[in-house]
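Q: I've got a model open and I'd like to learn how to read it. Can we go through it together, starting with the ligand?

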Amino acid sequence: MRLYEELAKTGLEDLKMMTALETLDTASQEAAAGGWSYTHFLGYLLDGELKARHRLRVKMSLQFARFPYLKRIEDFDYGAQPAVDRRLIEELHTLRFVDEGRNIIFLGPPGVGKTHLAIGLGVALAEEGRRVYFTTAIDLATRLSKALHENRLPRIMKNLTRPKLLIIDEVGYLKLDKVQASLLFQVISGRYELESATVITSNKAFGEWGDVFAEDAVMASAALDRLLHRSTVLKINGDSYRMMEKKKAGVKLANEESKKAPKG
Ligand code: ADP
Ligand code: MG
């Protein structure tokens with residue numbers, strides 16, 4: 001009997017069930033006091049262990065993702081941006097597109113919430129403990145061309161093609177040179193082959209993507225072919241949220257000023 005009592009602890013340790021190990025003594029006491037069934041006791045231990053593991057996975061996923069800041073889909077104000085289809089965003093928020101390997105492309109001028117929505121989808125995936133990686137097009141291109149010079153390209157390519165979801169923000173904001181453009185293309189192709197989902201934000205209409213790919217129209221259209229094959233495109237042609245907020249603040253300020261101003 002003694003043997004099994006000891007094995008309960010060393011066994012949990014060997015199996016790396018550290019939360020179950022930590023709670024074993026108190027759980028056993030509770031079980032005895034509460035007259036739990038054996039199955040109830042086992043379920044209780046496993047529940048604690050599984051929840052702790054999930055929390056750890058979420059934490060690691062959020063760290064791995066390298067989001068510049070955290071935004072949630074729930075924080076998006078649809079009233080402020082009528083160009084955004086709420087039902088479509090809520091459908092994307094189910095993350096089915098990730099399992100289906102679909103690409104999501106947010107297009108529109110600055111400040112309309114493209115990055116917010118992209119991060120929101122990424123955070124939702126990370127909170128399921130799954131792998132997502134956020135980068136901007138220029139960061140991606142710079143890192144890849146550095147890796148190319150240092151003969152580390154295959155490993156970095158693997159890291160970029162493997163996550164369930166890759167978010168490439170700000171495609172088209174800065175011009176890429178030929179090498180950078182071809183490296184970005186390789187990432188897009190690699191993910192296409194693996195049927196992995198990619199979220200892209202861009203201020204450039206597809207017709208201007210030649211510019212994005214260093215004036216190489218053939219490469220641009222090959223990249224678009226792959227991206228658009230299984231994709232959802234959301235054009236957000238609204239006003240900048242920041243400008244709207246500023247204007248609102250400005251109106252408030254002006255009202256207060258006019259209240260303060262002496263009449264007459
Ligand atoms: P874009 O990437 O299109 O340039 P951002 O997503 O960076 O725009 O949005 C700019 C800022 O405004 C961010 O802080 C974002 O959270 C906020 N924002 C934009 N649109 C909305 C919205 N409809 N509801 C809430 N916040 C928004
Ligand atoms: Mg942005």
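A: A residue counts as near a molecule if one of its heavy atoms lies within 4 Å of it. Here 16 residues are around ligand 1, and Asp77, Gly111, Lys114, Thr115 and His116 come nearest. A word on the ground rules: this is a predicted model, where local features need pLDDT of at least 70 and side-chain atom pairs count only at pLDDT 80 or more, while totals for chains, interfaces and linings use all residues. Residues are numbered from 1 along each chain as its sequence is written, chains are lettered from A and ligands numbered from 1 in the order in which they are written, and side-chain values use heavy atoms, with hydrogens and water left out.

Q: Which polar side-chain atom lies 2.7 Å from an oxygen atom of ligand 1?

A: Look for polar contacts, meaning pairs of N or O atoms within 3.5 Å. That one belongs to Thr115.

Q: How much of ligand 1 does the protein bury?

A: Accessible areas come from the Shrake-Rupley method with a 1.4 Å probe. Ligand 1 exposes 550 Å² taken alone, and the protein buries 89% of that.

Q: Now the strands. Where do the side chains of β4 point?

A: In a regular strand, side chains alternate between the two faces of the sheet. Strands are DSSP runs of E, at least two residues; helices are runs of H or I, at least four. In β4 (residues 197-202), Ala197, Val199 and Thr201 point one way, and Thr198, Ile200 and Ser202 the other. Six of its six residues are buried, that is, under 20% relative accessible area with a 1.4 Å probe, protein chains only.

Q: Which strand do four bridges join to β4?

A: Two strands pair if DSSP finds at least two bridges between them. The strand is β1 (residues 103-107), which runs parallel to β4, with Leu107 partnering Ser202. Strand β3 (residues 165-171) also pairs with β4 in the parallel sense, over five bridges, and there Val171 stands opposite Ser202. From β3 the chain crosses through helix α9 (residues 178-194) to β4 in a right-handed β-α-β crossover: with the strands pointing away from you, the path from the first strand over the helix to the second runs clockwise.

Q: How many helices and strands does the chain have?

A: Twelve helices and five strands. The radius of gyration, taken over C-alpha atoms, is 25 Å, well over the 18 Å that the globule rule gives for 264 residues, so the chain is more spread out than a compact globule. That rule is 2.2 Å times the number of residues to the power 0.38.

Methods
Buried means under 20% relative accessible area, exposed over 50%, partly exposed in between (1.4 Å probe, protein chains only). A polar contact is a pair of N or O atoms within 3.5 Å; within protein, one must be able to donate a hydrogen and the other to accept it, and residues adjacent in sequence count only if both atoms are side-chain atoms.
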